Amino acid sequence: MDLIVNVFERTYRDVLVPGWFTDVVRQNGREFERRVVLINNVDDMADAVVRATHLVESGEITEFVRVDERLPAALAAVGLRPRDLGVLPHFTDCALVAIHLKGSDLLVYWDVDVKLSQPIDWVTPSVELMRSHRRVVVANPSWDAVEARAESTHEVGDFVLGYGFSDTAFLCRRSRFTHRGYRRVVPASWRYPLAHVVPVFEQRVDSWMRRERLLRATYLPASIEHRGPVGTQYPTATIRQRLRRSVQARVGRWLAIAFPTDPRFAHYGPDDAPLN
C-alpha cells in the first residue's frame with residue numbers, strides 16, 4: 001500500500017524533515033510499502049529536491065516526484081486538459097498525479113495539515129469493508145461523528161456510509177479512480193466552496209460518485225483534525241463569481257427539493273440501492 005503526501009511552498013520546509021513521515025505512519029498504526037512525496041508549486045525546486053533526496057537516502061520515504069513533470073500523463077489518463085484545471089490548478093493536479101503514479105492499487109492520500117487525534121489503524125478495516133461492499137470506493141477517518149452520521153445513508157459496524165468526498169485524508173483504489181468520468185459535474189456538488197470558480201478535484205470526484213451511486217465510508221473510531229489553516233488559500237471571488245455562487249445556491253436548493261432522493265441533486269438523502 002502507498003502513502004502519498006503533497007508538499008508545496010507553504011509546507012515543504014516543515015514536511016521534508018526527518019521524523020515527519022515516521023510520525024504519520026505511527027498515527028495510522030500500520031506500515032506502508034511505499035511512502036511517496038509529491039513536490040508541487042514551490043519557489044525553490046532545487047531546495048525541495050535536496051531535502052526530499054536526503055529522506056530517500058535515509059529510508060524515511062521511498063521516492064519523490066515533481067507534479068509538473070507527471071501531470072500531462074495524469075490528465076491524459078482521465079481525459080482532462082490543462083485548461084480544465086482553470087485558475088486553481090494546484091487544488092487538483094497533485095491528487096490526479098497521485099492516482100496515476102505506478103505503485104500499489106491501494107493508496108492513502110494524506111494532507112499535510114491534518115492529523116489523527118489518537119493513533120489508530122483505520123486503513124485495515126476500511127480495506128476489508130471496501131472488499132465486502134463494491135459501492136464503497138473511498139474511505140476516510142471521521143471529521144465529526146455527529147455530522148458524519150447525519151450525512152450517512154447506511155451504518156455498517158464502525159462505519160457510516162453515504163455520499164460525499166474530501167481530499168484531506170482518504171483511502172482508495174487507483175483502478176477505480178482512474179477513469180474519464182471527471183468532466184461532468186452535478187448540481188449537488190455546487191456545495192463545494194470553490195464551485196463558483198472552477199470544479200476542483202473534490203468536486204469532480206463527488207460528482208462522479210453521485211452519478212454512479214458510489215459511496216464513501218467514514219470510520220468513526222478514527223478522528224481527524226486540522227493542525228493548519230483551513231481555506232486560507234481560497235481566492236477572493238470576483239463579482240461574476242459571487243453572482244455565479246448565488247445562482248448555484250438558489251438553483252441547487254430548488255433541485256434538492258424537486259429531487260430529494262436523487263444524489264445528483266440532493267446533498268444528503270435516502271438511498272435505497274443495495275450496497276453490492
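Mentor: On a 1 Å grid over the protein atoms alone, a cavity is a set of points where a 1.4 Å probe fits but cannot get out, and its lining residues have an atom within 4 Å of a point. Grid points are joined across faces, edges and corners, and a volume is the space filled by probe spheres set on the points. The model here is predicted, so local features need pLDDT of at least 70 and side-chain atom pairs pLDDT 80 or more, while totals for chains, interfaces and linings use all residues. Residues are numbered from 1 along each chain as its sequence is written, and side-chain values use heavy atoms, without hydrogens and water.

Trainee: How many cavities of 30 Å³ or more does the structure hold?

Mentor: Rolling a probe the size of a water molecule over the atoms shows where empty space is left. In this structure there are two such cavities.

Trainee: Which residues line the largest cavity?

Mentor: Its lining consists of Trp-143, Ala-148, Glu-151, Ser-152, Val-160, Leu-161, Gly-162, Tyr-163, Arg-216 and Thr-218. Strands E8 (159-162) and E10 (215-226) each give two or more residues to this lining, strands being DSSP runs of E with at least two residues, numbered from the N terminus. E8 gives the most, with three residues. By class, the lining of the largest cavity has five nonpolar residues, three polar and two charged.

Trainee: Which residues line the second largest cavity?

Mentor: Tyr-163, Arg-210, Pro-260, Thr-261, Asp-262, Pro-263, Ala-266, His-267, Gly-269 and Pro-270 line it. Five of these residues are nonpolar, three polar and two charged.

Trainee: Why does Arg-245 count as partly exposed?

Mentor: Arg-245 counts as partly exposed because its relative accessibility is 27%. Arg-245 lies in helix H10 (residues 239-258), and a helix is a DSSP run of H or I with at least four residues. Residues up to four places away in sequence aside, Arg-245 touches Trp-190, Arg-191, Tyr-192, Pro-193, Ala-195 and His-196. The C-alpha atoms of Arg-245 and Arg-191 are separated by 9.3 Å, although the two residues are 54 residues apart along the chain.

Definitions and conventions. 1 Å grid on protein atoms, 1.4 Å probe; cavity = no way out; pocket = protein on both sides within 12 Å on 5 of 7 lines; lining within 4 Å. Nonpolar A, V, L, I, M, F, W, Y, C, P; charged D, E, K, R; others polar. Buried < 20%, exposed > 50% of the residue type's maximum accessible area, 1.4 Å probe, protein only. Contact = heavy atoms within 4.5 Å.
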